[in-house]
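Work through the exercises below with the coordinates open. Try each task before reading its solution.

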Amino acid sequence: MYRYDEFDHALVQDRVKQFSGQVQRRLAGEITEDEFKPLRLMNGVYLQLHAYMLRVAVPYGTLSSRQMRMLAHIARKYDKGYGHFTTRQNIQYNWPALKDIPAILEDLASVEMHALQTSGNCIRNVTSDQYAGVAANEVEDPRIWSEIIRQWSTLHPEFSFLPRKFKFAVTGAPEDRAAIRVHDIGIELVKGKDGRTAFDIYVGGGQGRTPMIGKLIGKAISQENLLTYLEAIMRVYNMHGRRDHLFKSRIKILVHTIGEEEMRRQVEEEFAAMQKDGPVELPKAEIERIQAYFAPPAYETLENDPAELNEAFEKTPAFARWVKQNVAAHKVPGYAIANISLKPVGGVAGDASSEQMEKVAELADAYSFSEIRVTHEQNLVLADVPQKDLFALWQELDANGLGTPNLGLITDQIVCPGLDYCNLANARSIPIGQAIAKKFEDLDRQNDIGELKIKISGCINACGHHHVGHIGILGVDKKGTEFYQVSLGGSADEKTSLGDITGPAFTEDKIVGAVENIVETYLSERQDGERFLDTYRRIGMKPFKEKLYAAH
Amino acid sequence: MAQHSNKMAQVQAVTANRLIDGVVVYLTAKGAWSEKLADAAIAEGKEAAEALLAKANPALEQQEIVEPYLFEIAEEDGTLVPASVRERIRMAGPTVRLDLGKQAEGKTA
Amino acid sequence: MPLIKDGAFVEDKWTYADEEGPLPEGPVIVSLTRWHNEKEALAARTAPLGIKLLSGEEPKEIAGDLDKFAVIALDFPMFKNGRAYSYARLLRERYGYKGELRATGDVLRDQLFFMHRCGFDAYEVSQRITIDGWKEAMDEISVVYQPASDGRKTIFQARHGG
């Protein structure tokens, strides 16, 4: 993975010192909350319901075991012994004191981490595919380009006060695990005409109040032109994005208003002019320097399906179930991608204790070249596990509450913190997710239902990605009481779709029954081999809606 | 944050977060700040509520607290509790982690 | 409003003209509307002329007239409105403007660094900003990744001897 050089270190150290100074000025009463708020927001510090919240960037979701241990240490020393992994592949701490945040940032900097641009109206942490570098059919490791974009966007002087926050996602594979079409800019690596990596650039996707699917604006943009092209998009947005209305300020609204054609025309025009002004140069040597950090690790020569694996399957059905559900194919023979679910029934989606973080770090050292990935679906991944070691790995995971075999199943939900923590939330999300998981706890039942992604948000900002849930749930507030609106048929993959709302919202008492009703309809309607989403796309809303509201 | 206040509310108290650590605090009758809602001064009627909110100003100016606002109080089984789910959660802690927050520190009620 | 230029507080010799009526004596800064309406009369004055662009008034509107202006003031109606960062770069990098580029409006200490990088060289600041504060804001970030109007050597260049 990428390692800081002297320049990266210098910038983060400077920034830590700068923010520490800002905190000191605030605590000394030299600046008011109004003045401090934008400063703390530029460094990932929010004020939530119970306390401050610190959001730490995990660039493109990749962590070393050393970094994971530091995250565990911070949780234990400055927080309440746990952290929350988010849909932006970041980690949030829910209870830090403001006075401690400079010390936390020092600790983070010591392991090449920071909280830069994890909030505010700037280019946020770049997200990517959790299978980067190990997926069989990817064009190139997308983290190379994510890192280049991370550096280019860090403290960008022109784009630190955009109309609104701005999110990038990058994928290197045709299967989209990074939800690129619901990002402000989504980038897919493709093969250019010369056989080199080029970039398809989707612009104007997003969720929130007005969900939109991104439009393909730049086709097969070359490596030399990538940063200039991105800068052209950003400049068009910075100059023309609306600033008079919070709900209309994202780039998706600009693209929607002027249309895809006009957006492309403006970007191309700006891009052409920028090339004359002086493009953003990306030296070939710099690309090669960063590529070298993402070179494949020293894989051993191993065979697929080793004898010890098959033996363990026979002896331990629970292990076989976990492998079937949570382990994915690796591009190198004899290796596997192991997904660690952070969704045990009864737990809080995405939460991990300090002990669990340390355990995962230890397992990464033992079995996966000391590297860990965070997924946008709030799970963790060990991406390079020898198949022969899977059983030993699983035993350790299982003993530490990390072996839940539910990847992609109905209990593997995306859930935002909701009204239990968040200052913006209208309703609680976590208890709803927990109640649904409890109802579908039986693993045979979950397996029978098959792939079904439930995504739950506690407000219209859609941090829980409800618009792209196969079943999406949105918490709303009606005169101080929580209600839950349901949508069906959303998806965040390469065939992205936005869910359709079923009808009137449900109370907390009725929402689990509603989900069960939807699942029953699917089970009775599905044809051979159909997933929930396939059935929904074939038969549409009507049968679901009729059964769902039949009793009303 | 004014959007959490209810303009029609009759019985209200004032809450804020403490600057140094963000902890939820309530304004007492003496103009001090307590971590417990039980210590909060209660205002009945609009004028009393506005007068109470004004009492938060010295602490705001001295940078002791952040973002004070009024919230509605209801009576339930003879005790005063926040009317909204939001304020009940702020008073107690996350409903999904009963081991955390004021509910775990004996600071509720 | 105190004016910082070239790292020091300087006397501001410029007056902002009203939308209409007689112009004050000496150097004046006019609005884009007034420039459009009274171009010839304004250009015929002997005293130096400046122009102020509001958020939404893009540099291309004056791109052909830049030699007429000794000052261009770009307005930040609130610090969160960052359009003028793009305007500044366009004026410097695309249209080749060499005169004074002045930040006006909601100009705060923690934005000075970004403004400077985008080509501003004069800042109308509130009373609370000191020269030490200004210097601190300029120096606290020692390295930069992106090329901008200040011509600073980027990290990419430094790494590869550019």
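**Exercise 1. Find the side-chain partner of Thr411(A) in this predicted model, then describe the surroundings of Thr411(A).**

Solution. 
- Start with the side chain. Thr411(A) makes a polar contact with the side chain of Gln446(A), at 2.7 Å.
- Thr411(A) sits in the loop between α13 (390-399) and β16 (414-415) of chain A.
- Check accessibility. The cut-off for buried is under 20% relative accessible area. Thr411(A) has 4%, so Thr411(A) counts as buried.
- List the neighbours, leaving out residues up to four places away in sequence. Thr411(A) touches Lys343(A), Val345(A), Asn406(A), Ala437(A), Phe440(A) and Gln446(A).

**Exercise 2. Locate the largest nonpolar core and the residues with the most contacts inside it.**

Solution. 
- Take the count. The largest nonpolar core has 107 residues.
- Phe168(A), Ile201(A) and Leu230(A) have the most.
- Ask which element contributes most. Helix α6 (residues 226-240) of chain A does, with nine residues.
- Look for a further core. A second, separate one has 52 residues, among them Phe7(A), Phe79(C), Ala103(C) and Phe114(C).
- Inspect Phe168(A), again without residues up to four places away in sequence. Its contacts include Ile123(A), Trp152(A), Ile185(A), Leu230(A) and Met234(A). Arg88(A), Asn125(A) and His183(A) are also among the residues that Phe168(A) touches.

**Exercise 3. Decide which pair of chains has the most contacts, and describe that interface.**

Solution. 
- Two pairs of chains touch, and chains A and C have the most contacts. Chains B and C do not touch: their nearest C-alpha atoms are 18 Å apart.
- Count the residues. Chain C brings 33 and chain A brings 50.
- Take the area. About 3,600 Å² is buried between chain C and chain A, and carbon and sulfur atoms give 57% of it.
- Count the salt bridges across the interface of chain C and chain A. There are nine. One of the structure's salt bridges joins Glu231(A) to Arg89(C), with the closest N and O atoms 2.8 Å apart.
- Chain C and chain A have 27 residue pairs in polar contact, with both residues at pLDDT 80 or more.
- Assign elements on the chain C side. α2 (83-94), α3 (112-117) and α5 (155-159) of chain C each give two or more residues. α2(C) gives the most, with eight.
- Sort that side by class. The residues divide into 14 nonpolar, seven polar and 12 charged.

**Exercise 4. Survey the salt bridges over all chains.**

Solution. 
- Start from the total. The structure holds 78 salt bridges.
- Look within chain A. Arg538(A) pairs with Glu530(A) at 2.6 Å between the closest N and O atoms. Arg538(A) is partly exposed at 37% relative accessibility, whereas Glu530(A) is buried at 13%.
- Look within chain B. Lys107(B) pairs with Glu35(B), the closest N and O atoms being 2.8 Å apart. Lys107(B) lies in the segment after α3 of chain B, and Glu35(B) in the loop between β3 (33-34) and β4 (43-44), so the pair ties together parts 72 residues apart in sequence.
- The side chains of Arg86(B) and Glu87(B) meet at 3.0 Å, N to O, in a salt bridge. Arg86(B) is buried at 10%, and Glu87(B) is buried at 1%.
- Trace shared partners. One network joins Glu158(A), Glu231(A), Arg235(A), Glu270(A), Asp277(A), Arg89(C), Glu93(C) and Arg94(C).

Notes: Residues are numbered from 1 along each chain as its sequence is written. Chains are lettered from A and ligands numbered from 1 in the order in which they are written. This is a predicted model: local features need pLDDT of at least 70, side-chain atom pairs count only at pLDDT 80 or more; totals for chains, interfaces and linings use all residues. Side-chain values use heavy atoms; hydrogens and water are left out. A nonpolar core is a set of buried Ala, Val, Leu, Ile, Met, Phe, Trp, Tyr and Cys residues joined through side-chain atoms within 4.5 Å. Buried means under 20% relative accessible area, exposed over 50%, partly exposed in between (1.4 Å probe, protein chains only). Helices (H or I, at least four residues) and strands (E, at least two) are DSSP runs, numbered from the N terminus. Contact means heavy atoms within 4.5 Å. Buried area is the accessible area (1.4 Å probe) that two parts lose on being put together, summed over both. A salt bridge is a side-chain nitrogen of Lys or Arg within 4 Å of a carboxyl oxygen of Asp or Glu. A polar contact is a pair of N or O atoms within 3.5 Å; within protein, one must be able to donate a hydrogen and the other to accept it, and residues adjacent in sequence count only if both atoms are side-chain atoms. Ala, Val, Leu, Ile, Met, Phe, Trp, Tyr, Cys and Pro count as nonpolar, Asp, Glu, Lys and Arg as charged, and the others, Gly among them, as polar.
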